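Subject: Structure handover and findings

Dear colleague,

Here is the structure for your files. My notes on it follow below the entry.

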Amino acid sequence: MSRTAVYNRIFRRRLKRYLLTGLLVVVPITLTLLVVRWIVAVMDGLLASVLPETMRPDSWFGIPLPGVGLIATFLLILLVGVLTANIFGRSVLSFSERVVDRVPLVKGIYTLFKQVSDTVFNRDRGAFRKVVLIEYPRRGIWAVAFVTGISEGEVQEVTEKRLVNIFVPTTPNPTSGFYILIPHDEMIELKMTVEEAFKLVISGGMVTPTLRPDRKRHETPVRQS
């Protein structure tokens with residue numbers, strides 16, 4: 001092989017390596033900027049659609065101000081939280097919910113989103129705060145899942161074992177998945193955080209949480225035959 005051919009091969013290898021390295025850096029940054037830009041644009045659009053033209057920030061300053069809608073949304077959420085944290089605010093909220101309960105279609109939609117919000121954001125209920133390993137969709141195949149609560153009502157009364165509500169996310173979109181119920185003794189509780197589990201699911205296993213010393217190895221639960 002000639003010296004020129006050797007140099008060409010080395011050049012192609014280095015070019016490929018540099019290109020892949022550049023992609024690993026540029027792609028996450030670009031996608032992050034695009035998502036942030038989209039969120040800011042959506043929030044600014046919502047603010048512009050609510051406020052009269054004379055009260056919009058671009059009318060005051062003569063130039064568009066990106067991010068004002070996002071800041072306004074944050075302040076609005078903070079204000080609602082402050083108002084509903086006292087007795088008067090809770091009374092108003094309770095009265096509003098009673099009014100909504102009298103509207104058939106609106107009642108179903110509001111109840112659904114209220115339950116989802118309570119499950120995701122209410123830390124006192126402990127939902128989506130525990131990561132477990134279960135055999136799904138069949139024995140011998142393991143899946144990372146999240147505990148959403150302890151089963152209650154009819155589904156618990158007609159079964160012999162204590163059931164746990166489990167949400168099994170899909171890859172690469174963990175917001176969709178499957179709701180299943182499994183016996184408490186047929187799951188393995190993991191020490192990884194919810195954020196680490198989401199990264200694991202989204203990446204399809206390519207981003208694996210580091211096993212810290214405080215994370216002891218779990219034993220597979222023994223099932224009665």
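A term first: a residue counts as buried under 20% relative accessible area, as exposed over 50%, and as partly exposed in between, with a 1.4 Å probe and protein chains only. The areas themselves come from the Shrake-Rupley method with a 1.4 Å probe, and for residues only the protein chains shown count as cover.

Please keep in mind that this is a predicted model, in which local features need pLDDT of at least 70 and side-chain atom pairs count only at pLDDT 80 or more, while totals for chains, interfaces and linings use all residues. Residues are numbered from 1 along each chain as its sequence is written, and side-chain values use heavy atoms, with hydrogens and water left out.

Overall make-up

The protein has seven helices and five strands. Helices (H or I, at least four residues) and strands (E, at least two) are DSSP runs, numbered from the N terminus. Read from the N terminus, the order is α-α-α-α-α-β-β-α-β-β-β-α. Of the 225 residues, 20% count as buried. The protein exposes about 17,600 Å², and carbon and sulfur atoms supply 65% of that area. Contact here means heavy atoms within 4.5 Å. Among contacts between residues at least 6 apart in sequence, 39% join residues at least 24 apart.

Helices H1 and H3

Helix H1 (residues 3-50) packs against helix H3 (residues 68-83) at an angle of about 75 degrees, and their axes are 7 Å apart. Axes are lines fitted to C-alpha atoms, for helices over the stretch in contact, and angles run from 0 to 180 degrees between N-to-C directions. H1 and H3 are therefore roughly perpendicular to each other; the classes are under 35 degrees for roughly parallel, over 145 for roughly antiparallel, 65 to 115 for roughly perpendicular, and oblique for the rest. On the H1 side the contact is made by Ile39, Val40, Met43, Asp44 and Leu47, and on the H3 side by Val68, Gly69, Leu70, Ala72 and Thr73. These residues divide into seven nonpolar, two polar and one charged. In this count Ala, Val, Leu, Ile, Met, Phe, Trp, Tyr, Cys and Pro are nonpolar, Asp, Glu, Lys and Arg are charged, and the others, Gly among them, are polar.

Glycine 67 sits in the loop between helix H2 (57-61) and H3. Glycine 67 is buried, at a relative accessible area of 12%. Leaving aside neighbours within four places in sequence, glycine 67 is in contact with Val40 and Asp44.

Salt bridges

How many salt bridges does a search of the whole structure find? The search finds four, a salt bridge being a side-chain nitrogen of Lys or Arg within 4 Å of a carboxyl oxygen of Asp or Glu.

Arginine 139 pairs with glutamate 135, the closest N and O atoms being 4.0 Å apart. Arginine 139 counts as exposed, at 52% relative accessibility. Glutamate 186 also forms a salt bridge with arginine 139, with the closest N and O atoms 3.7 Å apart. That pair links distant parts of the chain, 47 residues apart: glutamate 186 is in the loop between strand E4 (177-183) and strand E5 (187-189), and arginine 139 is in the loop between strand E1 (130-135) and strand E2 (142-150). Glutamate 186 counts as buried, at 17% relative accessibility.

Aspartate 185 forms a salt bridge with lysine 161, the closest N and O atoms being 3.8 Å apart. Aspartate 185 lies in the loop between E4 and E5 and lysine 161 in the loop between helix H6 (154-157) and strand E3 (163-169), so the pair ties together parts that are 24 residues apart in sequence. Aspartate 185 is partly exposed at 36% relative accessibility, and lysine 161 is partly exposed at 38%. Salt bridges that share partners join Glu135, Arg139, Lys161, Asp185 and Glu186 into one network.

Cis peptide bonds

The bond from tyrosine 136 to proline 137 is cis, with omega near 5 degrees; proline 137 is in the loop between E1 and E2. Threonine 171 and proline 172 are also joined by a cis peptide bond, with omega about 0 degrees, and proline 172 is in the loop between E3 and E4.

Regards
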